[in-house]
Amino acid sequence: MTAQPANPPDADRRVDQIYRAHFRTIWRYVRGLTRNLDLASELAQESFVRFARLGNISEVDSPEAYLKVIARNLVRDHADSAPQRSVRCKRSKSPTFS
């Protein structure tokens with residue numbers, strides 16, 4: 001297993017700034033896609049984790065747009081991996097013929 005290289009302190013500061021500036025927007029975006037508050041929090045947070053792993057984030061022209069792409073892909077991945085839910089209908093009793 002190889003370890004991820006640690007971000008330099010200035011990169012960590014930049015990620016923190018981006019997080020503070022855009023977390024609420026990304027969370028709302030994911031909430032709109034999922035209609036699930038808990039899942040929105042989880043996937044929005046994961047979006048920032050993946051963004052931070054990019055390496056040189058200073059080259060990203062629009063962090064918010066990039067984060068939305070990451071978030072949308074996470075929502076799709078989650079939907080694809082979720083078990084298909086079937087709707088169960090109650091069966092009425094079979095009519096009795098006399």
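The model is a predicted one, in which local features need pLDDT of at least 70 and side-chain atom pairs count only at pLDDT 80 or more, while totals for chains, interfaces and linings use all residues. Residues are numbered from 1 along each chain as its sequence is written, and side-chain values use heavy atoms, with hydrogens and water left out.

**Overall composition**

- The protein has three helices and zero strands, where helices (H or I, at least four residues) and strands (E, at least two) are DSSP runs numbered from the N terminus.
- Along the sequence, the pattern is α-α-α.
- Of the 98 residues in the protein, 27% are buried; buried means under 20% relative accessible area, exposed over 50%, and partly exposed in between, with a 1.4 Å probe and protein chains only.
- Among contacts (heavy atoms within 4.5 Å) between residues at least 6 apart in sequence, 58% join residues at least 24 apart.

**Helix H1**

- Helix H1 covers residues 9-34 and bends by about 55° at His22, the bend being the angle between axes fitted to the seven residues ending at a residue and the seven starting there.
- The buried residues of H1 are Ala11, Val15, Ile18, His22, Phe23, Ile26, Trp27, Val30 and Thr34.
- H2 and H3 are included in what covers these buried residues of H1.
- Arg35 follows H1 and has a positive phi, near 60°.

**H1 against H3**

- The axes of H1 and H3 come within 9 Å and cross at roughly 45°; axes are lines fitted to C-alpha atoms, for helices over the stretch in contact, and angles run from 0 to 180 degrees between N-to-C directions.
- H1 and H3 are therefore oblique to each other.
- H1 passes H3 in a right-handed crossing; a crossing is right-handed if the near helix is turned clockwise from the far one by less than a right angle, and left-handed if anticlockwise.
- On the H1 side, the contact is made by Arg14, Ile18, His22, Thr25, Ile26, Tyr29, Val30, Leu33 and Thr34, and on the H3 side by Pro63, Glu64, Leu67, Lys68, Ala71, Arg72 and Val75.
- By class, the contact of H1 with H3 has nine nonpolar, three polar and four charged residues; Ala, Val, Leu, Ile, Met, Phe, Trp, Tyr, Cys and Pro count as nonpolar, Asp, Glu, Lys and Arg as charged, and the others, Gly among them, as polar.

**H2 against H3**

- Helix H2 (residues 37-52) and helix H3 (residues 63-81) have axes that come within 9 Å and cross at roughly 125°.
- H2 and H3 are therefore oblique to each other, and H2 passes H3 in a right-handed crossing.
- Residues of H2 that meet H3 include Leu39, Leu43 and Phe51, and their counterparts in H3 include Tyr66, Leu74 and His78.
- Eleven nonpolar, two polar and two charged residues make up the contact of H2 with H3.

**Thr34 and Leu39**

- Thr34 lies in helix H1 and is buried, with a relative accessible area of 19%.
- Not counting residues up to four places away in sequence, Thr34 touches Leu39, Ala40, Leu43 and Val75.
- Leu39 is in helix H2 and counts as buried at 12% relative accessibility.
- Leaving aside neighbours within four places in sequence, Leu39 is in contact with Val30, Thr34 and His78.
- Leu39 and Val75 are 36 residues apart in sequence and 9.0 Å apart in space, C-alpha to C-alpha.

Technical notes
Parallel < 35°, antiparallel > 145°, perpendicular 65-115°, else oblique.
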